[in-house]
Amino acid sequence: MARPSLLLLMAAASAIAAVANAASIATGDQDGTNKTRLGNSIERDLSARDQEAAKRQRALDLREQAAKAAEQRLAASVEAQQKEAATGAPGAPGAPSPAEAQFDELARIYQAMKPAKAAAVFEQLDMEVQMKVAQRMRPASTAAILAAMSPKGAASLSMALARKSAAKPAAAPAAAAMAAPAGAARKPG
């Protein structure tokens with residue numbers, strides 16, 4: 001009996017493999033149970049990407065809601081301020097006069113400046129303006145500006161502030177002294 005050649009055996013094996021591949025392709029993977037590792041990996045990656053996209057969308061939705069809420073609060077605040085400004089008279093008690101508001105604004109401006117620059121400008125102001133602005137500033141800001149001022153300018157502002165603060169408490173004891181005799185008359189002696 002003659003032995004088949006190796007070439008003939010290889011041809012037969014490749015023909016059988018081709019028929020098997022064709023049969024598997026023809027039948028397809030209709031039930032989806034035969035998945036490859038690559039297919040599973042791709043499916044997991046897609047699922048993870050979809051979950052991340054859903055998280056980002058939720059975060060964007062929350063940011064949008066927060067922005068809308070902040071916008072509504074801001075609109076309500078502006079509306080309330082407009083109503084308050086419309087109903088409040090300029091000379092109403094508790095409402096600062098425009099001149100006082102200017103000093104408050106100047107105090108905020110000087111506090112935002114570098115102390116050396118603020119001191120150079122501050123010394124050029126009238127002493128009354130310096131006092132009113134300095135009284136409205138935070139103590140640390142006032143101290144930094146005073147430190148950057150010339151010694152003469154810092155001393156004169158300090159003295160003016162001291163006189164102003166000494167005048168305020170003097171009025172309080174005078175009022176207390178007026179009330180004291182009336183109170184003393186009631187006390188049994």
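Q: In which helix does arginine 136 lie?
A: The model is predicted, and residues are numbered from 1 along the chain as its sequence is written. On that numbering, α5 covers 127–136. Arginine 136 lies in helix α5.

Q: Is arginine 136 buried, exposed or partly exposed?
A: Buried means under 20% relative accessible area, and exposed means over 50%. Arginine 136 has 27% relative accessibility, so the residue counts as partly exposed.

Q: Which residues is arginine 136 in contact with, leaving aside its neighbours within four places in sequence?
A: Arginine 136 belongs to the α5 side of the contact between α3 and α5. Its partners, with those neighbours left aside, are Glu100, Phe103, Asp104 and Ala107.

Q: How far apart in space are arginine 136 and glutamate 105, C-alpha to C-alpha?
A: In sequence, arginine 136 and glutamate 105 are 31 residues apart. In space, C-alpha to C-alpha, the separation is 9.3 Å.

Q: How are α3 and α5 oriented to each other?
A: Two packed helices are described by the angle between their axes and the distance between the axes. For α3 and α5 the axes are 8 Å apart and the angle is about 70°. Angles of 65 to 115 degrees count as roughly perpendicular. The orientation of α3 and α5 is therefore roughly perpendicular.

Q: What is the handedness of the crossing where α3 passes α5?
A: α3 and α5 pack at an angle of about 70°. The crossing of α3 past α5 is right-handed.

Q: How many residues of the contact of α3 with α5 are charged?
A: α3 brings Glu100, Phe103, Asp104, Leu106, Ala107 and Tyr110, while α5 brings Val129, Lys132, Val133 and Arg136. The contact of α3 with α5 divides into 6 nonpolar residues, no polar ones and, as charged, 4.

Q: Which residues does tyrosine 110 touch, not counting residues up to four places away in sequence?
A: Tyrosine 110 is on the α3 side of the contact with α5. Tyr110 is also among the residues with the most contacts inside the largest nonpolar core. With those sequence neighbours not counted, tyrosine 110 touches Ala118, Val121, Phe122, Leu125, Val133, Met137 and Ile145.

Q: How many residues of the contact of α4 with α6 are nonpolar?
A: The axes of α4 and α6 come within 8 Å and cross at roughly 70°. That makes α4 roughly perpendicular to α6. Pro115, Ala116, Ala118, Ala119 and Phe122 of α4 meet Ala144, Ile145 and Ala148 of α6. This contact of α4 with α6 has no polar and no charged residues, and its nonpolar count is 8.

Q: Is threonine 142 buried or exposed?
A: Threonine 142 is found in helix α6. Leaving aside neighbours within four places in sequence, threonine 142 is in contact with Ala134 and Met137. Its relative accessible area is 11%, so threonine 142 is buried.

Q: What percentage of the residues of the protein chain count as buried?
A: The protein chain has 7 helices and 0 strands. It has 189 residues, and the share that count as buried is 12%.

Definitions and conventions
This is a predicted model: local features need pLDDT of at least 70, side-chain atom pairs count only at pLDDT 80 or more; totals for chains, interfaces and linings use all residues. Side-chain values use heavy atoms; hydrogens and water are left out. A nonpolar core is a set of buried Ala, Val, Leu, Ile, Met, Phe, Trp, Tyr and Cys residues joined through side-chain atoms within 4.5 Å. Buried means under 20% relative accessible area, exposed over 50%, partly exposed in between (1.4 Å probe, protein chains only). Helices (H or I, at least four residues) and strands (E, at least two) are DSSP runs, numbered from the N terminus. Contact means heavy atoms within 4.5 Å. Axes are lines fitted to C-alpha atoms, for helices over the stretch in contact, and angles run from 0 to 180 degrees between N-to-C directions. Angles under 35 degrees count as roughly parallel, over 145 as roughly antiparallel, 65 to 115 as roughly perpendicular and the rest as oblique. A crossing is left-handed if the near helix is turned anticlockwise from the far one by less than a right angle, and right-handed if clockwise. Ala, Val, Leu, Ile, Met, Phe, Trp, Tyr, Cys and Pro count as nonpolar, Asp, Glu, Lys and Arg as charged, and the others, Gly among them, as polar.
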